[in-house]
Amino acid sequence: MEVRLLIEPGMGELAVMRATQSDLDHIEKCIKRGEAARSWREFERWDAKFHEALAQATKNRAVIDILQSINSIRDQTTWSNLKKKSLTPANRKTYERQHRTILGTLRKRDAKGTRARISRHLLSVRGNLLGY
C-alpha cells in the first residue's frame, strides 16, 4: 500500500493529461464490470483492471510496468486473504463510488482532483485492509 500511495496519485495526474476517450471508456467498463461482479474475487479482478486501465491511460511504459508489478502482488495469497476479509458490502459500495468519482475527475481533466481522489481511495483501502 505504501508503494501504491506513492505511485498511483501521480499516475492519475498523467492519465488526466494523456487519456483518450477510448481510455476513459475502458476505465468506465472496468467500473461497470466491478459493480456487476457477483463474488469478491470477481470484484477484485475488475478492481485490479480499473487501476491497470488508469496506468495504461498514462501512456508511460514505466508506470504501466510498476502497476503490473503491484497487481501481481495483489494476486498473492496474503493480499487476497486481506482483501477477502475486508471487502464487506459497505466497503465495496464505497470503492465503487470512489472509482466513479475518480473517473469523473479524469473526464473533467482535473489533475489535482484526480490525485486527491486516488489518494483518498487508497487511504480508504489501506484502512480497511490493515486497520489504520
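Which helix holds both Asp 65 and Arg 61, and how many residues apart are they? I started there. Both lie in helix α4, four residues apart, about one turn of the helix. Helices here are DSSP runs of H or I with at least four residues, strands are runs of E with at least two, and numbering goes from the N terminus.

**Ground rules**

I am reading a predicted model, so local features need pLDDT of at least 70 and side-chain atom pairs count only at pLDDT 80 or more, while totals for chains, interfaces and linings use all residues. Residues are numbered from 1 along each chain as its sequence is written, and side-chain values use heavy atoms, with hydrogens and water left out.

**Confidence**

I looked up pLDDT, the predictor's confidence in each residue on a scale from 0 to 100. The protein chain has a mean of 95, and 100% of its residues reach 70 or more. By element, helix α2 (residues 21-36) has the highest mean, 98. Helix α5 (residues 77-86) has the lowest, 85. I keep one caution in mind: where pLDDT is low, predicted coordinates should not be read in detail.

**Fold and size**

I count seven helices and zero strands. Along the sequence the pattern reads α-α-α-α-α-α-α. The C-alpha trace spans about 35 × 25 × 20 Å along its principal axes. I then checked the radius of gyration, taken over C-alpha atoms, against the globule rule of 2.2 Å times the number of residues to the power 0.38. For 132 residues a compact globule would come near 14 Å, and the chain has 14 Å, which agrees. Buried residues make up 43% of the 132. Buried means under 20% relative accessible area, exposed means over 50%, and partly exposed is in between (1.4 Å probe, protein chains only).

**Salt bridges**

I searched the whole structure and found 14 salt bridges. The criterion is a side-chain nitrogen of Lys or Arg within 4 Å of a carboxyl oxygen of Asp or Glu. Side chains of opposite charge can pair when their charged atoms come close.

Back to the opening pair. Asp 65 and Arg 61 form a salt bridge, with the closest N and O atoms 2.9 Å apart. Asp 65 is partly exposed, at 38% relative accessible area.

Next I took Lys 59 and Asp 23. Their closest N and O atoms are 2.3 Å apart in a salt bridge. This pair links distant parts of the chain: Lys 59 is in the loop between α3 and α4, Asp 23 is in helix α2, and 36 residues separate them. Is Asp 23 buried or exposed? It is buried, at 14% relative accessible area. Lys 59 is partly exposed, at 44%.

Then I looked at Arg 100 and Glu 28. Their side chains meet in a salt bridge at 3.6 Å, N to O. Arg 100 is in helix α6 (residues 89-107) and Glu 28 is in helix α2, 72 residues apart. Arg 100 counts as partly exposed, at 32% relative accessibility.

**Largest pocket**

I turned to open space. On a 1 Å grid over the protein atoms alone, a pocket is an open set of points with protein on both sides within 12 Å along at least five of seven lines; a cavity is a set where a 1.4 Å probe fits but cannot get out; lining residues have an atom within 4 Å of a point. Points are joined across faces, edges and corners, and a volume is the space filled by probe spheres set on them.

The largest pocket holds about 210 Å³. Two elements give two or more residues to its lining: α3 (40-58) and α4 (61-74). α3 gives the most, seven residues. The lining includes Trp 40, Arg 41, Glu 44, Asn 71 and Ser 80. I sorted the lining into two nonpolar, two polar and seven charged residues. Ala, Val, Leu, Ile, Met, Phe, Trp, Tyr, Cys and Pro count as nonpolar, Asp, Glu, Lys and Arg as charged, and the others, Gly among them, as polar.

**Largest cavity**

I found one cavity of 30 Å³ or more. The largest cavity has a volume of about 40 Å³. Which residues line the largest cavity? They are Cys 30, Ile 31, Gly 34, Phe 43, Trp 46, Asp 47, Phe 50, Glu 96 and His 99. α2, α3 and α6 each supply at least two. The largest share, four residues, comes from α3. This lining divides into five nonpolar, two polar and two charged residues.
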